[in-house]
Number of protein chains: 2
Amino acid sequence: MRATAARQGSLREHNLGLVLRTVLDAEVAPSRADVAGTTGLAKATVSALVDRLVAGGLLAELAPAAPLRAGRPAVPLVAPAGTLAAVGAEVNVDYLGVRVLDLSGRVLHERVRHLDLRESEPGAVLSMLGTLLDEAAAAIGPAPRLVGTTLALPGLVDRDAGILRLAPNLGWREADVVRLLAAASSTAATSPPALANEADLAARAEAAARRGPAGERPSFVYVSGEIGIGAALVLDGELFGGRHGWAGEIGHTVVPGGRTLEQVAGQDALLRAAGLDPDGGLDALVDAAGRREAHATEAIELAGRTLGLALANVVNLVDVSGIVLGGTYARLAPWLREPVLSALRTHVLASPWAAPQVDVARAGELPAMTGGALAQLGRVLADPADWLAETP
Amino acid sequence: MRATAARQGSLREHNLGLVLRTVLDAEVAPSRADVAGTTGLAKATVSALVDRLVAGGLLAELAPAAPLRAGRPAVPLVAPAGTLAAVGAEVNVDYLGVRVLDLSGRVLHERVRHLDLRESEPGAVLSMLGTLLDEAAAAIGPAPRLVGTTLALPGLVDRDAGILRLAPNLGWREADVVRLLAAASSTAATSPPALANEADLAARAEAAARRGPAGERPSFVYVSGEIGIGAALVLDGELFGGRHGWAGEIGHTVVPGGRTLEQVAGQDALLRAAGLDPDGGLDALVDAAGRREAHATEAIELAGRTLGLALANVVNLVDVSGIVLGGTYARLAPWLREPVLSALRTHVLASPWAAPQVDVARAGELPAMTGGALAQLGRVLADPADWLAETP
DNA sequence: CGGGATTAGTTGTATGAATGAACTTATGCG
DNA sequence: CGCATAAGTTCATTCATACAACTAATCCCG
């Protein structure tokens with residue numbers, strides 16, 4: 001059954017969440033009266049709900065601002081700092097790290113280690129990550145309550161079993177990630193991390209970064225060009241993960257020529273096509289392209305045309321006209337944008353009526369770590385009543 | 001704002017819809033007590049809601065069945081026949097027609113005309129359809145209240161403007177369909193039809209046909225092989241249309257070799273590849289394949305491999321492992337299934353953990369017409385309170 | 001054939017959440 | 001200093017659901 005019986009309490013839960021999200025989505029800290037206005041709830045109702053949220057640490061009151069007009073000054077409501085925190089962790093091909101966010105979006109702690117993890121040993125890597133996790137827990141202290149941890153991985157993840165089924169670029173297969181991490185970290189042992197795909201979490205962070213002033217919910221295809229190529233769909237502000245969370249695997253799309261997209265437009269292929277050392281990192285390519293060297297710009301343009309063709313299929317299939325370039329592709333965007341756009345314009349059937357757009361990611365560095373923390377905080381926002389019930 | 005304030009009335013609306021859908025989804029006609037059991041609502045609440053639904057013609061009571069066990073016999077609740085009806089109309093490349101369904105799923109009226117509409121004149125065609133619409137309205141008489149009409153079209157439809165933007169296989173562009181139909185039909189003039197894509201509506205009918213006894217909500221990719229190739233996504237029983245309803249356009253996917261899927265696996269290409277007359281219809285191909293003639297089976301197999309590759313991209317992108325073959329492909333399924341499945345198995349990254357399935361459509365003949373009617377009836381089921389308010 | 005058991009559905013009271021109006025609080029302005 | 005204005009609180013009212021007791025209709029068993 002999708003739907004379930006709505007009882008009296010459901011009303012309250014719904015409105016509690018509505019009030020909370022209204023405050024957090026607002027550009028400037030709103031008063032109770034503002035919230036009543038935008039939600040349509042009565043002032044009395046909003047007051048009661050806000051009081052519960054403040055008591056539970058999900059909202060905070062600021063000191064009344066210096067009043068500008070007549071009338072009793074409003075009490076501004078904001079996301080509380082340091083009451084609730086969540087951890088986003090990540091293991092990727094050339095780094096691993098943790099980041100801790102609170103509800104106000106502040107980074108309470110962060111630690112990243114750069115190292116080459118191709119063909120690495122899951123146990124050893126997760127032991128390193130476990131240490132970072134415990135350090136993070138110690139660093140933030142006991143004051144902020146930890147909501148949970150999400151671990152971002154560049155592959156196919158089995159959320160229910162807590163197993164990384166396949167991560168080609170790490171060389172991991174059927175890795176019992178949650179168990180290994182719990183063995184190395186008391187934090188992970190107490191509250192087992194949720195697993196998710198790296199591109200999915202990056203897209204979630206991007207969706208949060210793009211949420212406009214009026215609470216608009218953006219729709220876009222996020223393309224994460226790391227060593228591998230992942231994509232994720234955001235529809236009306238919600239991440240679309242599919243049945244198992246495996247949506248967005250475009251790296252293995254077979255493109256004209258018979259190779260996969262990753263073999264044509266992945267970072268290694270890109271560097272090789274430009275005549276550069278594939279292990280030398282992206283900087284050389286960016287520099288060369290900046291100097292307008294033909295071998296570099298032509299390699300990027302070819303990759304862009306192929307990427308654009310693959311994305312055109314995506315756009316035709318899911319009817320989303322916005323593309324966001326993330327990861328490697330964000331840095332290459334100045335040269336990548338045009339070929340991608342032009343491929344979209346020719347191959348997207350609906351392009352005359354919904355012009356394709358290609359943007360650069362705004363979510364900052366290592367967005368999957370942010371997205372992982374946001375995913376955990378989002379669980380609380382989705383059902384604050386449930387959270388308050390657990391928190392006396 | 002996605003969410004809106006929940007007031008007292010929202011509760012009632014929600015539960016009213018819940019009760020209605022619970023009755024309609026049930027395998028055998030349930031009693032009020034059964035509904036209370038499955039929904040978790042109190043008997044008294046269910047009784048009150050059912051009474052309202054019966055009074056509004058959205059549910060009907062049957063005569064108590066011969067009691068089998070002790071206790072007061074139950075009053076079985078069923079979908080009412082002939083109180084509410086909706087029209088599904090369709091213009092496709094080689095036929096047009098209308099079908100009228102009531103809430104019980106009975107076909108109250110149906111009329112189909114087969115004719116070649118490639119490069120046809122929208123005005124003339126819609127005038128024919130308008131006549132069929134008015135005949136349908138006359139045929140069912142005044143007793144069933146008409147909920148509305150959906151018109152299925154094989155192309156890109158602008159729902160808001162009521163315009164068919166592009167239908168390559170009809171040769172229509174920017175056709176002002178709703179206006180033209182209203183000019184030819186008093187029924188359409190009174191209540192303007194909703195426009196939708198043919199594959200989307202066929203998928204909707206398929207979703208309804210696949211809804212299991214326990215109200216399971218199937219997820220699948222519906223592939224409609226007509227003259228063109230359309231696809232539609234059904235996720236958890238809900239049609240996924242995308243922002244404008246333009247999702248599912250896979251016919252113009254560029255496949256290895258550089259041509260589009262339609263140019264390789266469309267009906268015309270298929271017939272030509274088998275050495276048959278493209279205008280001669282599908283029967284010749286089915287006959288030849290049935291006789292195991294190599295030119296026919298090989299043509300189908302090649303198309304199947306290409307279709308499978310395109311579908312693998314879809315499955316990788318949206319993480320849905322079920323494929324349903326509809327339209328032309330349903331008839332060719334005996335020869336098409338294996339090559340499609342084998343392409344899926346090799347190209348779907350997650351196939352070891354979520355085995356691809358390829359099924360044949362079960363929604364019957366001309367499913368888009370059924371789906372169009374269901375779309376209109378679905379509006380009432382989604383918000384019965386709204387409908388009851390309009391119906392004194 | 002009659003009374004107890006059993007199940008369906010109804011009636012009436014209680015509960016809880018939102019509402020709206022009146023009220024209190026806190027400020028600016030003349 | 002008093003009035004206008006706006007934020008927030010208090011309280012009686014409304015309304016949908018829950019719960020419990022009740023009526024209705026049937027079977028079963030002695």
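This is a predicted model: local features need pLDDT of at least 70, side-chain atom pairs count only at pLDDT 80 or more; totals for chains, interfaces and linings use all residues.
Reader: How many residues surround DNA strand C, and which are the closest?

Author: There are 32, and Ser31(B), Ser47(B), Gly71(B), Arg72(B) and Val75(B) are the closest. A residue is near a strand if its C-beta atom, placed from the backbone, lies within 6 Å of it.

Reader: Which elements give two or more residues there?

Author: Chain A brings α1 (8-25) and α3 (43-55), and chain B brings α2 (32-39) and α3 (43-55). The most comes from α1(A), with five residues. Helices are DSSP runs (H or I, at least four residues), numbered from the N terminus.

Reader: What is the split by class near DNA strand C?

Author: 15 nonpolar, nine polar and eight charged. Nonpolar covers Ala, Val, Leu, Ile, Met, Phe, Trp, Tyr, Cys and Pro; charged covers Asp, Glu, Lys and Arg; the others, Gly among them, are polar.

Reader: And DNA strand D, which residues come nearest?

Author: Ser31(A), Ser47(A), Gly71(A), Arg72(A) and Val75(A), out of 32 around DNA strand D. Here α1(B) gives the most, with five residues. The classes near DNA strand D are 15 nonpolar, nine polar and eight charged.

Reader: Switching to the protein-protein side. How many residues are in contact?

Author: 44 residues of chain A are in contact with 44 residues of chain B, where contact means C-beta atoms, placed from the backbone, within 7 Å. On the chain A side, α1 and α11 (294-318) each supply at least two residues, and α11(A) gives the most, with six. That side has 22 nonpolar, 16 polar and six charged residues.

Reader: What rotation superposes chain A on chain B?

Author: One of 180°, with 0.0 Å of shift along its axis and an RMSD of 0.0 Å. The two copies are therefore related as by a two-fold rotation axis.

Reader: Which residue of chain A comes closest to the rotation axis?

Author: Pro256(A), with its C-alpha at 2.1 Å. The same surface serves both copies, as 100% of the contact residues of chain A recur in chain B.

Notes. Residues are numbered from 1 along each chain as its sequence is written. Chains are lettered from A and ligands numbered from 1 in the order in which they are written. Two residues are in contact if their C-beta atoms, placed from the backbone, lie within 7 Å. Copies are superposed by least squares on the C-alpha atoms of residues with pLDDT of at least 70 in both.
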